[in-house]
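Subject: Structure for you to look at

Dear colleague,

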Amino acid sequence: YLERIRAYDSDYWQAYYTVLADESRAIAANLDRAPRPVGLLHGVSVPVKDNFYTKGVLTTAQSLIFADFVPDVDATAVARIKAAGGIVLGKLQMGPLAGGRPRNPATGEVTTRNAWSPNDPGPTPSGSSGGSGCCTAARLATCSLGTQTGGSITGPGQSNGLTALKPTHGLCSVFGVIPLTITRDHIGPLARDAMDA
């Protein structure tokens with residue numbers, strides 16, 4: 001996945017905001033040495049939307065307000081991915097503060113493309129989890145995590161031809177996720193098929 005990200009993402013899809021290449025390689029090497037699987041996500045790449053706290057890693061929510069924010073804890077979902085042996089490959093582009101299509105917060109320019117039209121910025125990846133949808137459909141990771149308040153998991157799932165799951169509100173902890181609307185925010189996976197989800 002890291003080779004594919006390096007070869008294609010910045011010139012075409014622009015799904016990633018931050019790629020954690022060195023960290024991911026180190027984690028993968030440790031997992032390779034484990035005598036048995038660490039958990040259900042052993043070695044599975046799961047990048048997350050840039051509003052999930054990631055300890056020691058810039059978390060901007062694609063907003064100028066959080067331009068320098070580096071959390072000192074992981075979001076509950078991120079901690080659970082790591083505990084299950086998953087590899088957080090990086091942080092994904094999103095709509096500023098989870099509002100709409102992924103854009104550059106300083107210029108308003110569209111960033112992430114739809115996975116099926118990498119040369120054309122017109123077709124939308126849909127919703128603020130557009131980076132998560134594009135990343136997964138473009139084969140830049142196994143699956144990804146997004147957030148939804150009003151359609152930002154299911155929209156990118158539909159737009160990019162994925163299985164997207166929005167769990168019942170409150171079923172998954174949103175601790176450590178920069179909120180849009182705390183009473184309506186959900187987190188959930190985007191994957192290439194229902195089995196992966």
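A cavity, in the sense used here, is a set of grid points where a 1.4 Å probe fits but cannot get out, and its volume is the space filled by probe spheres set on those points. Please bear in mind throughout that this is a predicted model.

With that rule, the count comes to two cavities of 30 Å³ or more. The second largest cavity holds about 30 Å³ of space, and its lining is made up of Pro167, Thr168, His169, Gly170, Leu171, Cys172, Asp185, His186 and Ile187. Sorted by class, that lining has four nonpolar, four polar and one charged residues.

The largest cavity has a volume of about 40 Å³, and the residues that line it include Asn51, Ala98, Thr147, Gln148 and Thr149, together with Val177, Ile178, Pro179, Leu180 and Asp185. Here the classes come out as five nonpolar, four polar and one charged.

The largest pocket has a volume of about 420 Å³, and among the 19 residues that line it, Leu41, Ala77, Ile81, Leu145 and Pro189 lie nearest its centre. Two or more lining residues are given by each of helix H3 (76–83), strand S4 (143–148) and strand S6, with the largest share, five residues, coming from S6. By class, the lining of this pocket divides into 13 nonpolar, four polar and two charged residues.

Two single residues also deserve a careful look. Arg113 sits in the loop between strand S3 (90–92) and helix H4 (130–137), where it is buried yet has no salt bridge, the nearest side chain of opposite charge being that of Asp120, 6.4 Å away. The side chain of Arg113 does, however, reach the backbone oxygen of Pro118 at 2.9 Å.

The C-alpha atom of Met195 is separated by 9.0 Å from that of Thr163, although the two residues are 32 residues apart along the chain.

With best wishes

Definitions and conventions. Residues numbered from 1 in each chain as written. Predicted model: local features only at pLDDT ≥ 70, side-chain atom pairs only at ≥ 80, totals over all residues. Heavy atoms only, no water. 1 Å grid on protein atoms, 1.4 Å probe; cavity = no way out; pocket = protein on both sides within 12 Å on 5 of 7 lines; lining within 4 Å. Nonpolar A, V, L, I, M, F, W, Y, C, P; charged D, E, K, R; others polar. Helix = DSSP H or I, 4+ residues; strand = E, 2+ residues; numbered from the N terminus. Buried < 20%, exposed > 50% of the residue type's maximum accessible area, 1.4 Å probe, protein only. Lys, Arg positive; Asp, Glu negative; His and termini not counted. Salt bridge = Lys/Arg side-chain N within 4 Å of Asp/Glu carboxyl O. Polar contact = N/O pair within 3.5 Å; in protein donor to acceptor, adjacent residues only side chain to side chain.
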